[in-house]
Amino acid sequence: MTTPTYRLAVPGSPGRPPTLDPDQQRVVDHPGGPLLVLAGPGTGKTTTLVEAIVDRIETRGADPGSVLALTFSRKAAEQLRDRISARIERTTSATISATFHSFAYGLVRRFAPPDLYAEPLRLLSAPEQDVVLQQLLTDAPESVRWPDGFRAAVGTRGFAREVQNALARARERGLESEDLRRLGETEDRPALVAAGWFLEQYLEVLDNESAIDYADLISRAVLVAREHRDELRAQYRYVFVDEYQDTDPAQVALLRALAGDGRDLVVVGDPDQSIYGFRGADVRGILDFPAAFPQSDGSKAEVVALRTTRRFGTRMATATHRIASSIAMSGSIDLATFQAFRTPATDPGTPAGLVEVRTHDTARAETEHIADLLRRAHLEDEVPWSQMAVLVRSGRTSLPALRRSLAGAGVPVDVASDDTPLVREPALQPLLDALRIVAAGDTDDRAVGLLQSPLGGLDAIEVRRLARALRTREKAEAEADGRSPRSSAELLRAAVLDPDLVAAGDPGVERVRALTGLLAAARAELAAGATADEVLWTLWSGTGWPERLRRACAGGGAAARLAHRDLDAVCALFEAAARAEGHRVHTSVQSFLDTLIAQEIPGDTLADRGVRGEGVRLLTAHRSKGLEWDLVVVASVQEQTWPDLRRRFSLLEADRLAAGELLDPITTSAMLAEERRLFYVACTRARRRLVVTAVASPEDDGDQPSRFLRELGVEPVASVGRPDRPLSLAGLVADLRRTVADPATSEPLRAAAAIRLAALADERIGERPLVPQADPARWWGTRAPSRAPAPIRDPDAPLRLSASDLESIDQCGAKWFLEKEAGGTTYSTSAQGVGLIVHALADRIGRGELPAEPGDQDALMAYVDQVWDQIDFRTPWAKGREHDAVRLGLSRFVDWHLGVRGRTLVSTEQRFVTRIDLPDGERVELRGFADRLEVDADGRLVVVDLKTGKYAPTGPGVKEHIQLGLYQYAANHGAFADVAGDVSCAGAELVQLRASTTPAAKVQTQAADDAGHTGIEERLTEVAGMIRAEEFTASSGDHCRYCDFQSICPVKGSGTVFDR
């Protein structure tokens, strides 16, 4: 067998230079001096820029080191560098292209004195800057004192963003701290004076840490460039700038130092795509370029417009031109050239394209129609998923819902994950929670989440069963030790740290012990001096989670995309930990966590994480700039949302800062122009088809389409309702199932649908069914109702019922059955816990075991406080509110208890059991507890029920109150004869200790029924018949909001597990 041999070969030539149109050739042939190139979407600006640089090197013999091309993103700089290298067929040692910030960083480091910084200068990332600002914005004595009107906002994230923006704008406009203070004093703006002092403090902190932020980086680079201007101008003979419309005043000043005074400076940009005003970009920079960068003889700089677009055809060019023509412009560009730029010709070989405007009656219908459109484009028009995108104005409000809807409809989506701070990435929560536990030695409230995470591996049912097992043992041990038992939440927290707390046979015992062992190993490493990334690696590699993600990535489909996203997030976390260790030698795990938790800004990334290329891109219009797809959907274009005319960062008036003065506030027309430019950018991302969608609600106060839709010049197509069915396999199966199950459909059509379902159900991949949902055996509600082998109640024994049974069955028989008979789980609420405390104290007061003094609840509240922390409340403020409610309720009870009513207290918390023969022959056993039994002056019994709920029944509700009626019915049948004697019932009362509008308790009386049954006997007979027949009706009402069984209840339309 011959072994193959390999040799290195010179790659083939990249081919001849691209064919340029006359306008592009004018740029390449430009003899020298400043030049502005106006380049709209698809006009070949990058190709023109590359060819101009290649011309300088190859034709004019320029040293590559004398050429500098500045861009605004690392990706653009890398692509420009690669294309230049391919054209000149060699690499160079010189860095021809760079971002503004990377060039400025190199400049500052190059000319900085060696002893200026204690450590190598590092560029502060946006999340790190966010943390520094929050640490300085406090009420500490050494902190800057802000005006009284701002004091309440200090420490909030919103105020930190306001300050960060004001500092950035000040540095971009060349303002030092003393300049900012002077401006504040001149304009009578105390907040700007404080901002000046804060800027000084902030820069001192950064200097001490040998750090610099993005805004200050450009500002310092300007100072360095001015100081070393001659040297830098001698080095960089040719300067090129891409996306010039995105420059801010500081970057323009840097360019003036490098290539002003009529030197060779070529800038390329599109004023209609200036969309970063919120970052400090100023569209006036490009509009005033000819006057701001004059030629050496003082005349205006030359302007060339690229007048041919190759991205889209005539229809799309016409529609997008309509948008651009509404954007007002003024500056030093001559009108003829600007008009030529605004009306580019289309390439004759480019299809005309398609522009559509669609409106929908609801937001849900809009997203479902978008999903249907994308699937049809993929299946019918064969557009690859990666050649489609959905763009929105606001990612925070629109992207999550769109992502869920599209994914649910079978549309693969790719969303860049670097829009989310690391601390908010769902995949990182288990690692961060575990790291917190390791660092702090306490589980806090993270035990349940950690047990159910990939690190713990338990599901919700296993955690619930584990808590029940721990609680059972705890009650027995607490009773033996004479102490109060710990709550389930406390026991779960302890179990995560103490493996001995879990016994053999407990649910998930092996996985719980594995988790506690993993945490113990990480704590041991931390104690031995391990770094944050080393402890994280122990936690990450100590489970089967990495291997599960690896298998998911290899499996393809939606699961693979999610696994890739999770792995990207984990890699970003390790990068952040390693970077923290590299920046500060003595960074502790706790300080790393504190820094990470405080971050509210997404971290910098080398590329869009989570974008795998085979899904529909889902992103904001801002992030779409520079990208293009065959099909683009611009979604949710609503009035008041797009355009968004709210003034941003208005608290410190950052947008008005200028050298020596405050500018006029930004006008509504200026904000509208930027919003229109953003819409223009979104629409010009499409090559072949553009679809713009909005909600046109039929309601007067509902959402309405944006004014921008009219500017496209396309008649909107209105859609009412949702699509007939999703264009997916699941949608097909659902449609066939609906047809088969619909008795109103003709028999031949139902038979045809059944045949197709059978064919789908038979499809297999190996032994696995391809379409399991087509098999009727898997459908809900197709099986015959299940029958218990024995009656739920012994037919030969009396039927046991309580007042709560009657109330629950009266409310919803199905819910009562599922809770009481079928083993459904219900949970105690904080309100029930509060009620138990009040009833227990009322019982002891009634028995004389506790003193009752009017107006003095401190003694009683001391008993409350002993057990208060055992009740789980959702929020701290709810805990405080309920504590106050208990105090007031006890005060009302004591006053009521001591009041003169002419009755004698007989018993409290009295248990009763009585058997009664109903008129139909059924025998029932009534059971329960009465809060208080009192005898009036006539010797008749009054039953009192204490209530701690927020709401009291109305008058008719009291008259028909089932619980009070049952108490009276039981009393008249001798239920309380052993404590009150053989007396008749004079009525019953509800004493509302909370639902009262006065300081006194509210007493609601149900009068005695002379007939002796108060309507209860009929209800008992009805309920007894229902239980014996085992027919439990599901009823709809307010109680459904808190029901745990909605997903299987036919009344709610969620399922047909049982008959209605």
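Because the model is predicted, local features are given only at pLDDT of at least 70 and side-chain atom pairs only at pLDDT 80 or more, while totals for chains, interfaces and linings use all residues. Residues are numbered from 1 along each chain as its sequence is written, and side-chain values use heavy atoms, with hydrogens and water left out. Helices (H or I, at least four residues) and strands (E, at least two) are DSSP runs, numbered from the N terminus.

**Helix α2**

- Helix α2 covers residues 45-59, 15 residues in number, and spans 20 Å from its first C-alpha to its last, which is close to the expected 21 Å; the expected span is 1.5 Å times one less than the number of residues.
- The buried residues of α2 are Thr48, Leu49, Val50, Glu51, Ala52, Ile53, Val54, Asp55, Arg56 and Ile57, where buried means under 20% relative accessible area, exposed over 50%, and partly exposed in between, using a 1.4 Å probe and protein chains only.
- The elements that cover these buried residues include the helices α1 (22-28) and α3 (74-88), together with the strands β2 (67-71), β6 (238-241), β7 (265-269) and β8 (302-306).
- After α2 comes Gly61, which has a positive phi near 75 degrees.

**The annotated binding site**

- An unreviewed UniProt entry places the feature "binding site" at Ala39, Gly40, Pro41, Gly42, Thr43, Gly44, Lys45 and Thr46; such positions are given in the numbering used here, feature names are shortened, and annotations may be inferred rather than shown by experiment.
- Thr43, in the loop between β1 (35-39) and α2, is buried because its relative accessible area is 1%.
- Beyond residues up to four places away in sequence, Thr43 touches Gln24, Leu306, Thr308, Thr309 and Arg310, a contact being heavy atoms within 4.5 Å.
- A polar atom of the Thr43 side chain lies 2.7 Å from the backbone oxygen of Gly40.
- Lys45 belongs to helix α2 and, leaving aside neighbours within four places in sequence, is in contact with Ala39, Asp242, Glu243, Val268 and Leu306.

**Gln273**

- Gln273 sits in the loop between β7 and α13 (284-287), and counts as buried because its relative accessibility is 8%.
- Not counting residues up to four places away in sequence, Gln273 touches Gly40, Pro41, Gln245, Asp246, Lys625, Arg677, Tyr680, Val681 and Arg685.
- The side chains of Gln273 and Asp270 are joined by a polar contact of 2.9 Å; a polar contact is a pair of N or O atoms within 3.5 Å, of which, within protein, one must be able to donate a hydrogen and the other to accept it, and residues adjacent in sequence count only if both atoms are side-chain atoms.
- Between Gln273 and Ala730 there are 457 residues in sequence and 41 Å in space, C-alpha to C-alpha.

**Cysteines**

- Zero disulfides are found in a search of the whole structure, a disulfide being a pair of cysteine sulfur atoms within 2.5 Å.
- Cys812 is in no disulfide, and the nearest cysteine sulfur, that of Cys1049, is 6.1 Å away.
- Cys812 counts as buried because its relative accessibility is 5%, whereas Cys571 is partly exposed, with a relative accessible area of 42%.

**Arg551**

- Arg551 lies in helix α25 (residues 545-555) and is partly exposed, with a relative accessible area of 48%.
- Although Arg551 and Ala563 are twelve residues apart along the chain, their C-alpha atoms are separated by 8.9 Å.
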